[in-house]
Amino acid sequence: MTRPSPSGPSEQERALRRRRSASIAIAVLLFTGVGAAPPASERAHAAPASNTAQCKLPAATDDLGSGFPVDDQALPAVGKLKSAMLFVDFEDHPATRGSLLKAESNLRSGVEYLENVSGGKLDVEVTSSDRWVRMPEPSTSYPFERGLSYEDHVRYIEDAIEAADADFDFSDTDVVWVVATEQAKNITYSPTTNHLDVTVDENNITHAITFGYDQWRWGGLVLAHESGHSLGLPDLYLFEAPADDPGNWHAAVGGWDLMGLISGQAPEYFAWHRWQLGWLDDKQVACAPLDSTTTIVPVEKSTTGTRSGDAMVVLPVSGTKAVVVENRQAIGYDREILTSGALVYTVDTSVRTGHGPIRVVDATPESAHRLDDAPFQPGTSWTEPSTGAVLSFEEARAGSLRVTVEPAA
Ligand SMILES: [Zn+2]
């Protein structure tokens, strides 16, 4: 089960950011971004350029994480994903007339996100209950507001499946989605489990997501976030905010991937996530390209259309850690992006979900925009602190960027 996501920025805050974007564009032009290399004695040398295998960092946690392969409880992210979508209501909160269509259409954008971003590699086939299924217990017997236990969550899912079973065929269901009526505000949030064990219609179901009232705040992308967990991706927001930045649960990646802030400005999945899920080909990954220049296409286009062009540069710095550079532009689901450019982040496969397995490097740490203006601009460079390698960024044609990696002198 995953934790509820803390609140994102309000609409007011997001509007303010958009208005500030003009002044930010000027600020980033002034940034030079070259850090000092550590003393030679502290440098570890990056591995020489070779095949992609050394960049596929092995999983080093027994939970959802950022390594390869994804957790063995994950559903395949390539091929058909069959979901059973059960709309449920309660004797204390009956659904209102016409509300089923509203609930279904709110979540549909999440299904579209998964299919679009995967470039059609994931085909989500949704079978919905054609009516509200009445749960056997009042909504108050499922304590979402009072610290829902894993057992309570499983009971909620099992009750929904049992209530729907009479006229619903679960025989080929991969994942059950339980959608509570909007009337039941006390079904507050939308957790996921990959460890269910329910046999119905001779099918053992192991995966479920339950959608609560927060779907009306997040919109349909909550479905894509939770489905990310079904497919093995970790939470990138922090379960505990940093001691020196209290309240900032988004200190690790901000709004740069919807496994972080669902309502962020740039919810497209990181290239790293697309690679983990099998949506990016190995040949689109430039692994440890020392002393060379790689042209990377915008991530938003990397898994759609023809799969040509590198999508990221990966520089392994230890057995569990790598630095990644990808190209983020204001297209696709990233169209509200504040600052485009070369987004640099670290991946550490020994770090658990919710503890920062991915952390974005902020090109403008002094700005007031936290990570929203994190990308490096063409003409700047950055020194990777543990190896001393210097990464520099240049503009290329059609929104592409050139990334040059020079090992420490
Ligand atoms: Zn989550």
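Predicted model: local features only at pLDDT ≥ 70, side-chain atom pairs only at ≥ 80, totals over all residues.
Two packed helices are described by the angle between their axes and the distance between the axes. For helix H2 (residues 99–117) and helix H5 (residues 221–230), the angle is about 50° and the axes are 6 Å apart. H2 is therefore oblique to H5, because angles from 65 to 115 degrees count as roughly perpendicular and those under 35 degrees as roughly parallel. On the H2 side, the contact involves Leu107, Ser109, Gly110, Val111, Tyr113 and Leu114. Their counterparts in H5 are Leu221, Val222, Leu223, Ala224 and Ser227. Of the residues in this contact, eight are nonpolar, three are polar and none is charged.

The sheet is open and has five strands, in the order S9-S11-S12-S13-S14, with mixed pairing. Strand S9 (285–287) and strand S14 (358–360) are at the edges; each has a single partner strand, so one side of each lacks a neighbour in the sheet. On average, neighbouring strands are turned by 25° against each other, direction ignored. Strand S13 (residues 341–348) and S14 run antiparallel and are joined by three bridges. Val347 is placed opposite Ile358 in S14.

Strand S12 (residues 321–328) contains Glu326. Is this residue buried or exposed? Glu326 has a relative accessible area of 0%, and it counts as buried because the cut-off is under 20%. A polar atom of the Glu326 side chain lies 2.7 Å from the backbone nitrogen of Ala271. Leaving aside residues up to four places away in sequence, Glu326 touches Phe270, Ala271, Trp272, Ile296, Val299, Ala311, Met312, Gly341, Ala342, Leu343 and Tyr345.

Note on methods: Residues numbered from 1 in each chain as written. Heavy atoms only, no water. Axes fitted to C-alpha atoms, helices over the stretch in contact; angles between N-to-C directions. Helix = DSSP H or I, 4+ residues; strand = E, 2+ residues; numbered from the N terminus. Parallel < 35°, antiparallel > 145°, perpendicular 65-115°, else oblique. Contact = heavy atoms within 4.5 Å. Nonpolar A, V, L, I, M, F, W, Y, C, P; charged D, E, K, R; others polar. Buried < 20%, exposed > 50% of the residue type's maximum accessible area, 1.4 Å probe, protein only. Polar contact = N/O pair within 3.5 Å; in protein donor to acceptor, adjacent residues only side chain to side chain. Pairing = 2+ DSSP bridges.
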